[in-house]
Amino acid sequence: MTDFSLSKTYSPLSSAELIAKEKSMMDAARFEHCIGVSQTARKLAQLNGYDEDKAALAGFIHDYAKQVDNSEFEAVIKSENFDPDLLNWNRAIWHGIVGVYFIERDLKITDPEILQAIRRHTTADTEMTTLDKIVFVADFIEPGRSFPGVEEARKVSFANLDQGVAYELSHTLEFLIAKRARIYPKTIAAYNVWAAE
Ligand code: GDP
Ligand code: FE
Ligand code: FE
C-alpha cells in the first residue's frame, strides 16, 4: 500500500485518516482489492472523461462495509428504516446498499454521486451514471481479480464502458445461476437494460 493516497477525500477527514479507517475495517486482502479498484476506477475515469480523483475515492471506499457483521447490518436495516425486504437477502447485497450508512457515519462522506455508486456497485441498476458504471466495472476487473474471462472483461471494459457493464452483468448472472443463487431483482432489471439483446 506504501504510496497510496487520495488527492480528494470529499470529507473533513484527511487522506491519511480515511485510509486508516478503511484499513481498520477489513483484512489485508480486501484492502488490496480496494486499492486495485481505486486505481482501475481512476484509469476508467481518464478514459471516459470523468473526474479521476472522485472515481479513485469512490473505488477505494466501495467495500468499506464488506466485513461488517450480519447482526450489525440487520440492526441498521431496522433502526435506519431501510426497505425491510433487505432482511430477506444477505451480506453480498447489504454491504453496498446498507454499507453506505457506515460510510456516511464513519467517513463523513455526503456526496450523493459517490454514495449512489457504492449503493449500486454489487447489483447495478436500470439507471447508471458514469461514476456508477466506473465503480461497478472497476470492481470486476481490478488487477487482483482472476477468474475465467477476466482478461476479456478488461479488454471490453477499457474499450467501451457500457460494454463492460453488459459483460459483467451477463457473466455475474451466469455465475449466480450456475450455483442456483437467488438473484436480486435489481440485478435482473439491470441485465435487461444493459446486457440483454
Ligand atoms: P466484492 O464485494 O468485491 O466481492 O464484489 P461485489 O460487491 O460485486 O459482489 C459481492 C457478491 O455478491 C459476489 O459474490 C456476487 O457474485 C454477489 N452478487 C451480485 N449480484 C447478486 C445477486 O443478484 N444475488 C446474489 N445472491 N448475489 C449477488
Ligand atoms: Fe462489493
Ligand atoms: Fe469489491
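Predicted model: local features only at pLDDT ≥ 70, side-chain atom pairs only at ≥ 80, totals over all residues.
1. From H3, the residues Lys-54, Leu-57, Ala-58 and Ile-61 meet Glu-113, Ile-114 and Ile-118 of H7. By class, this contact has 5 nonpolar and 2 charged residues, with no polar ones.

2. Lys-54 also takes part in a salt bridge with Asp-111, at 3.1 Å from N to O. Because Asp-111 lies in the loop between helix H6 (99–107) and H7, while Lys-54 belongs to helix H3, the pair ties together parts that are 57 residues apart in sequence. Lys-54 counts as buried, at 8% relative accessibility, and Asp-111 counts as buried at 16%.

3. Asp-132 forms a salt bridge with Arg-120, the closest N and O atoms being 2.6 Å apart. Asp-132 is buried at 0% relative accessibility, and Arg-120 is buried at 15%.

4. Helix H9 (residues 150–159) has Val-150, Ala-153, Arg-154, Val-156 and Ser-157 buried, and these buried residues pack against helix H2 (28–47), helix H8 (130–141) and helix H10 (161–178). Glu-152 and Lys-155, which both lie in H9 and are 3 residues apart, meet in a salt bridge of 3.8 Å, N to O. Here Glu-152 is partly exposed, at 36%, whereas Lys-155 counts as exposed, at 59% relative accessibility.

How values were computed: Residues numbered from 1 in each chain as written. Chains lettered and ligands numbered in written order. Heavy atoms only, no water. Contact = heavy atoms within 4.5 Å. Helix = DSSP H or I, 4+ residues; strand = E, 2+ residues; numbered from the N terminus. Nonpolar A, V, L, I, M, F, W, Y, C, P; charged D, E, K, R; others polar. Buried < 20%, exposed > 50% of the residue type's maximum accessible area, 1.4 Å probe, protein only. Salt bridge = Lys/Arg side-chain N within 4 Å of Asp/Glu carboxyl O.
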